[in-house]
Structures are given as structure tokens and as C-alpha cells.
Number of protein chains: 2
Amino acid sequence: MFNDEMLSLGCKRSAIRELFEFGKQRAAEVGADKVYDFSLGNPSVPAPAEVKEAMLELINTLDDKTLHGYTSAQGDLSVRTAVADSLNKKYGVSFGADDIYMTCGAAAGLAITLRALCIEGDEVVLLAPYFPEYGVFVKAAGATPVTVKFDGDFQIDFASLEKALSPKTKAIIVNSPNNPCGVIYSEKTLKKLGEMLTERAKLYGHPLFIIADEPYRELVYDGENVPFIPTVYSDTVVCYSFSKSLSLPGERIGYIAVNPACNGARELYFAILGAGRALGYVCAPSLFQRVAAKCLNARPDLKAYDENRTLLYTSLCKIGFECVHPKGAFYLFVKAPNGDAAAFSEAAKKHGLLIVSGNDFAAPEWVRIAYCVSKDTIIKSLPSFEKLYSEFV
Amino acid sequence: MFNDEMLSLGCKRSAIRELFEFGKQRAAEVGADKVYDFSLGNPSVPAPAEVKEAMLELINTLDDKTLHGYTSAQGDLSVRTAVADSLNKKYGVSFGADDIYMTCGAAAGLAITLRALCIEGDEVVLLAPYFPEYGVFVKAAGATPVTVKFDGDFQIDFASLEKALSPKTKAIIVNSPNNPCGVIYSEKTLKKLGEMLTERAKLYGHPLFIIADEPYRELVYDGENVPFIPTVYSDTVVCYSFSKSLSLPGERIGYIAVNPACNGARELYFAILGAGRALGYVCAPSLFQRVAAKCLNARPDLKAYDENRTLLYTSLCKIGFECVHPKGAFYLFVKAPNGDAAAFSEAAKKHGLLIVSGNDFAAPEWVRIAYCVSKDTIIKSLPSFEKLYSEFV
């Protein structure tokens with residue numbers, strides 16, 4: 001009677017959302033202090049002070065029609081100009097306002113970009129471990145996801161990638177800093193990727209696009225450098241979100257930046273406009289477009305995430321877990337001691353530990369622990385991690 | 001190289017958006033006072049005072065994680081409860097929180113509902129005159145739009161509808177008060193529609209859904225009654241928006257209400273959850289979910305719209321135009337004196353009058369004039385309407 005694919009997507013939900021809902025229910029039953037919810041990338045660090053200041057200033061100075069009215073479909077011109085200028089200043093590039101399309105977060109950006117790029121039968125390469133919704137967005141765009149396994153240090157496994165690319169490849173999604181494993185792709189890795197894609201583009205006679213999903217661009221530790229991919233590989237579309245950099249995930253604000261130097265840049269931008277229309281996006285939320293433009297240089301308190309990172313990484317390693325040392329984002333990727341992430345994360349629930357099985361990340365031996373929680377939650381959860389570990393070794 | 005359909009959608013834009021952009025450009029060139037922009041349904045009436053109060057209260061009392069964090073995909077539970085309670089109180093129905101899905105406005109609601117309902121090959125009936133994006137959303141869901149002409153008084157032409165329905169019909173979109181003609185479907189019209197759909201459902205062996213697009217539900221004049229369609233016809237999904245009732249079109253906030261008494265209600269709700277995921281909607285903007293919940297009974301200053309309505313209707317009739325007397329929404333539907341809306345609206349541009357040709361509304365003899373502008377704009381525009389008229393008779 002209905003669309004079966006949508007029904008099955010809705011019934012299954014994402015494993016992450018499922019856990020998040022379970023946690024809320026469980027907290028109501030046994031008390032929030034007995035649930036250690038590491039499921040969702042919902043920042044615990046408050047929005048930077050500039051966000052509240054910007055909101056209040058806008059609310060108190062702008063007339064309602066400017067503040068709450070429709071903007072152009074691609075976003076308010078002054079906002080897009082501010083975003084482009086900021087990118088140009090930071091990365092020495094030459095984006096214009098008309099290369100920027102404001103979106104309801106990076107998820108919308110990805111869904112729109114994929115719909116603009118792909119036709120039925122196209123393939124989109126996903127580099128494991130990857131955010132499970134990528135597969136959903138790729139299929140919704142009529143394309144087929146092709147998974148490439150990770151190598152030992154969680155950089156790109158180029159031998160696998162080489163086999164995964166085909167004349168049907170339209171794009172590859174690159175997510176660095178990476179959710180779920182916290183790795184940052186080095187400039188060397190990205191250059192090698194760029195060279196391989198350039199070579200294949202020549203061979204196939206059409207460009208292969210990188211879609212750079214970058215919600216974690218600003219969340220890096222130890223002074224690590226995150227290369228801006230359009231400077232390394234020209235056929236790149238960036239999907240950015242302010243969800244993490246401004247701790248505003250519920251407000252759904254981000255942008256697509258189409259590299260003006262990419263193949264067919266003007267056409268691609270218009271196809272993005274069209275895809276936004278087709279998917280029902282009229283414009284990105286107007287107040288938060290303006291808030292974001294005023295807070296392009298604001299950052300959340302990274303120190304809190306950094307402390308959590310060190311505490312959780314050190315403590316879990318000490319217990320005996322094998323962990324990937326995260327360089328960015330706010331996730332710790334931990335190997336299930338029995339190599340079965342689904343069973344392990346299910347067992348963890350009994351200890352009140354909500355951690356996401358890597359199955360949907362194409363990493364069935366690993367689990368993701370989101371450490372964007374209070375430090376206290378981590379401290380209190382450690383005895384439970386210890387008990388859980390002892391069950392599995 | 002890209003998706004041609006999306007590219008063509010993006011290049012064409014909607015006729016309305018095209019005019020809106022032209023108006024902004026034209027205002028920059030010749031001065032805003034020489035451009036009478038009647039193109040877009042962008043409310044001129046400020047948001048009701050409750051909106052600002054609610055925003056400030058929320059910003060000043062809620063912690064950032066609650067205020068700006070992810071909500072459940074279907075919307076915050078307290079918000080959905082408030083929406084359901086409000087519907088139940090107003091219309092004597094029995095909606096629960098789990099029948100409500102918060103959306104980024106009615107456009108998102110329609111795109112999501114159509115995607116949840118339809119499979120390739122389905123047909124969706126559109127009652128002319130209709131909002132042009134309906135066709136875009138229907139096609140994006142893989143279905144085919146089937147247009148039914150209007151009758152003399154702009155109610156439903158049942159003889160045409162009878163021919164348009166087929167075993168492939170999955171749904172019919174009903175928009176009352178109507179954009180673009182301002183008509184409200186009477187209870188009698190809706191009952192007759194319900195009877196016809198019930199009969200066909202029996203004949204075809206599957207339900208035919210009404211998708212009630214209701215952004216203008218609260219914008220009615222002369223004490224007119226807008227029947228709540230789920231009370232007339234059970235297989236109804238309501239797509240509501242706060243864009244007009246709270247003058248917040250840019251904030252993208254609304255909801256889908258699935259009638260719990262409809263066929264397959266639970267499944268349909270889950271298919272909507274799935275479609276939301278597939279289209280990249282993570283949750284509706286969190287601050288404005290809460291603002292909307294606090295302002296369910298707030299209304300904009302309808303008096304201003306009502307004055308505009310009377311002024312514009314009377315003045316244009318006096319000039320000689322044939323106009324539909326609007327009972328709701330904020331659009332005046334006017335017959336092009338030469339019967340060619342495209343040529344007429346193009347000629348209007350030369351007088352600085354931005355009015356939308358009815359071609360894309362499936363009413364090629366009519367134009368739409370959005371009177372959600374300042375009264376001053378209407379007064380100053382009248383001499384130009386007079387000149388324009390004289391060119392055509």
C-alpha cells in the first residue's frame with residue numbers, strides 16, 4: 001500500500017537513532033544516572049557564547065520579514081558572501097557567493113548533492129568505516145553504494161579502492177575527520193586519492209567527484225592539519241555543517257560549497273538548486289543562516305572534548321580494549337573483544353552502556369563510542385566498561 | 001554529466017522564485033519604490049508578539065543541548081504532544097504525539113508524504129489551480145501528476161475528477177484555503193469528494209489518500225469555516241506549516257499529521273519516518289519546534305491582510321479586471337484580459353508589477369497577485385495596474 005523501501009527504512013531506523021531512543025526510554029525507566037548514552041553525536045559542549053549574542057542581536061535589531069522571511073533558495077546573499085569570504089581567507093581559494101548553497105545541515109547537503117550528481121545506475125564509493133546514512137542517501141538518489149575497506153591505520157586502502165572504481169563511478173564520499181574512527185586523512189593520502197581519480201577520469205572520459213562531508217572540520221586535536229580537499233583535487237563538492245562547530249545539531253544549518261574550478265561547476269550548482277527543490281527544501285532556516293554567518297570564526301570549547309578523548313582512550317586501553325587514537329571529531333572507535341560488534345554492543349546495553357555497533361559503518365568488528373558527553377558520564381561509566389570487558393575475555 | 005532533470009529544475013526555477021529574484025535585482029537597479037513585488041507569499045505582517053516572547057524565553061531558560069540539540073527524528077515529544085492536543089481540542093479528533101511528524105515546513109511535509117505513499121507508476125491527482133511545486137514533488141516521488149480542471153466557481157469539477165481517478169491513483173492533494181485563488185472548499189464539496197474516493201477505494205481495492213496541504217488554514221476572512229478534512233474523510237494526511245500563521249516562512253517549521261483512523265496509519269507513519277531519512281531530513285529545526293509549540297494559538301494581524309484583500313479586490317474590479325473574491329490565504333486570482341497570463345504578466349513587469357502567471361498553476365488564463373505586502377505598495381501600484389489594463393482592452 002505504501003513505499004516498501006521507505007517503510008523498511010522507517011521501521012528499522014538507523015542503529016544510532018534506535019539506541020538514542022532506547023536510551024531515552026531506559027532513562028525514564030531506571031533513572032538517567034544509570035544510562036551512559038554514548039550513542040549520538042549530540043554535542044554536550046554548549047554553543048559558543050557568540051551564538052547567543054548573535055541570536056539576540058538579530059532578534060532585537062532585524063525586522064521580522066528580513067529575520068524570518070524566505071531567503072533565496074540558495075540562501076541569503078550576504079550569508080553566502082560571508083561563507084565564501086571565510087573559505088577564501090582560510091584556504092586561499094576563490095569561492096564566490098554563487099558557489100555556496102545554504103542547507104539544512106550536512107545530511108541535507110549530501111542528499112541534495114547526490115541527487116544532483118547521480119542518475120540511475122551510477123555508483124558512489126564509500127570508504128569504510130563510514131556514517132551509515134551515506135548508504136541511505138546514495139540509494140535514494142538512485143545510485144548504488146560501493147564499499148571500500150579500510151587499511152590497518154584507517155587511512156584509505158588504495159588496493160581496494162582501485163578495484164572499486166569503475167566507469168559507473170560518479171563520486172566518492174570522503175569524511176575527514178572521520179566519523180566513526182576519528183582519523184584525519186593526511187595530505188599525502190588525499191593527493192594519492194586525487195591522482196587515482198584523475199587517472200580514472202581520463203580513462204572513463206568523465207569526472208569522478210569527491211563529496212567531502214565535513215561536519216568535523218573544526219574539531220581536531222594536537223594541532224592536526226585538515227587539508228581543504230578542493231585545493232588538492234579540483235572536482236570536489238564540500239558539504240559542511242555547523243552542527244558540531246557551533247553545537248547546533250538540532251537547528252539544521254550548513255552549506256554546500258561547489259568548487260568553482262570543478263568540471264561543470266555552473267551546471268552542478270544549478271543541478272543542486274534543482275535537487276533542493278525536488279527534495280522539498282525551500283531554503284535553509286533563515287535565523288540560523290544569519291547566526292552562522294556571524295559566527296564563522298567561533299569555536300566550541302574543544303578542551304572539554306580533548307579531555308574526554310584522552311580520558312576515555314587511556315582508560316579503555318588500560319582495561320584492555322583495542323582503540324583507534326582519534327585525531328579529530330568526538331568518537332572513539334573500539335574493537336569488540338570477541339570481534340562481533342553487534343553482540344558486544346547488545347551486551348553493553350545490559351550494563352547501561354549505549355555504544356553503536358560498527359555493522360552499519362561497514363566495520364562489524366568495531367564499535368563507536370561518542371565522547372561528546374559530560375566528563376562525569378565517562379568517569380561513572382568506566383566500572384561498567386570494566387565489567388563488560390571481563391565478560392568477553 | 002549530472003542529473004538532467006535536476007539541472008533543468010534548477011535552471012528553470014519556479015516561475016514564482018524567478019520573479020522574486022528578478023524583483024530583488026530590479027529594485028537594486030531602479031529603486032525599491034518602483035518595484036511592486038506581488039510575487040511571493042512572503043508575509044509582510046510581522047510574526048505575532050508571542051513568537052519573539054517564546055524565542056527569548058527559550059533562549060534565556062533552556063540549556064543549549066535541549067535548545068539546539070538533535071530532537072527525535074519525528075520531533076520533540078513535548079512539541080508533538082502539544083500539536084496533537086491542540087488539534088484534538090480544536091477539531092474534536094483523537095491524534096496522539098505519535099501521529100505527528102515535525103517537518104521543515106509544508107513543502108518538506110509534502111515531499112516526504114509523497115515519497116512515503118508512492119511507488120513508481122502511481123498517479124497523484126492535483127486540483128487546478130494548484131501550487132506549481134506539487135508537480136515537482138510528485139515527480140520526485142516517482143509518481144505522475146494528473147491535473148483536474150476547476151469549475152466555474154473554483155470548487156472541484158467532479159465530472160473531470162471522475163475521469164481523472166484510476167486504479168493507479170494513490171492520492172489527491174487538496175489545498176484549502178487555496179493558493180493561488182483564495183477559495184475555501186466547502187464541507188459539501190469535501191463530503192462529495194470523500195464519497196467519490198471511498199467508492200473508488202472499494203472499486204480498486206486500495207485506499208485513495210487525501211494529502212491536505214494546509215499552510216493557509218488560519219488565514220480566513222468573513223468568519224469562514226475551514227473544515228478539518230480528517231473529520232470528513234478518514235484516509236487523510238495533513239501537511240501543515242507555521243510559515244503563514246506565525247509569519248515564519250524562512251524558518252521552515254511545520255508538521256505532518258497522519259490521521260490515526262486512516263488505513264495503515266502505523267505503517268504510513270513509519271514510511272514517513274523512512275522518507276524523511278531518505279530525503280536528508282534529520283529533524284525539524286529545534287528552536288522553532290519549541291517556538292511553534294508555544295504559539296499554537298497565536299495569530300498574525302489578519303486585519304492587515306483583510307484590508308489589503310478588500311482594497312485590491314475592489315480596486316482591480318473597478319479598473320475592469322475579473323477577480324476571484326478570496327475567502328482565505330493572501331492571493332488574488334485575476335483573469336488576464338487577453339486570456340494569456342504569460343504575456344500579461346510579462347507586460348506587467350514593464351510597469352514594475354511582479355505578478356505570477358497562472359501557467360504553472362494549470363490556469364493559463366489567470367495571474368496570481370500576492371497581497372501579503374504593505375498597504376502602501378497596493379495603493380502606489382494601482383495607477384500601474386490601470387495603465388496595464390488599458391494596454392490590453
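In which helix of chain B do B:Asp376 and B:Lys380 both lie, and how many residues apart are they? Both lie in helix α14 (residues 375-392) of chain B, four residues apart, which is about one turn of the helix. Helices (H or I, at least four residues) and strands (E, at least two) are DSSP runs, numbered from the N terminus. The side chains of B:Asp376 and B:Lys380 meet in a salt bridge, with a distance of 3.0 Å from N to O. A salt bridge is a side-chain nitrogen of Lys or Arg within 4 Å of a carboxyl oxygen of Asp or Glu. B:Asp376 is partly exposed, at a relative accessible area of 42%, and B:Lys380 is partly exposed as well, at 45%. For these classes, buried means under 20% relative accessible area, exposed over 50%, and partly exposed in between (1.4 Å probe, protein chains only).

The structure is a predicted model, in which local features need pLDDT of at least 70 and side-chain atom pairs count only at pLDDT 80 or more, while totals for chains, interfaces and linings use all residues. Residues are numbered from 1 along each chain as its sequence is written, chains are lettered from A and ligands numbered from 1 in the order in which they are written, and side-chain values use heavy atoms, with hydrogens and water left out.

The two chains were examined at their interface. In total, 81 residues of chain A are in contact with 81 residues of chain B, where contact means heavy atoms within 4.5 Å. Between them, the chains bury about 6600 Å², of which 57% is on carbon and sulfur atoms. In chain A, the residues that lose the most area to chain B are A:Phe2, A:Tyr70 and A:Arg277, together 14% of what that side buries. Buried area is the accessible area (1.4 Å probe) that two parts lose on being put together, summed over both.

Two salt bridges are counted between chain A and chain B. A:Arg277 forms a salt bridge with B:Glu133, with the closest N and O atoms 2.6 Å apart. Among the elements that give two or more residues to the side of chain A that touches chain B are α1 (4-12), α2 (15-30), α10 (265-278) and α11 (286-294) of chain A. The largest share of this side, nine residues, comes from α10(A). The residues of the side divide into 46 nonpolar, 19 polar and 16 charged. In this division Ala, Val, Leu, Ile, Met, Phe, Trp, Tyr, Cys and Pro count as nonpolar, Asp, Glu, Lys and Arg as charged, and the others, Gly among them, as polar.

Over all chains, a search of the whole structure finds 36 salt bridges. Side chains of opposite charge can pair when their charged atoms come close. One such pair is A:Glu214 and A:Arg217, at 2.5 Å from N to O. A:Glu214 is buried, with a relative accessible area of 1%, and A:Arg217 counts as buried at 6%. A further salt bridge joins A:Glu365 and A:Lys335, the closest N and O atoms being 3.4 Å apart. A:Glu365 lies in the loop between β12 (356-357) and β13 (366-370) of chain A and A:Lys335 in strand β10 (residues 331-335), so the pair ties together parts that are 30 residues apart in sequence. A:Glu365 is partly exposed, at 36%, and A:Lys335 is partly exposed, at 25%.

Strand β7 (residues 236-241) of chain A is mostly covered, with six of its six residues buried. A:Thr236, A:Val238 and A:Tyr240 point one way from this strand, whereas A:Val237, A:Cys239 and A:Ser241 point the other way. Strand β6 (residues 209-213) of chain A pairs with β7(A) in the parallel sense over four bridges, and A:Ile210 stands opposite A:Thr236. Strand β8 (residues 254-258) of chain A runs antiparallel to β7(A) and is joined to it by five bridges; here A:Gly254 is the bridge partner of A:Ser241. Two strands pair if DSSP finds at least two bridges between them.
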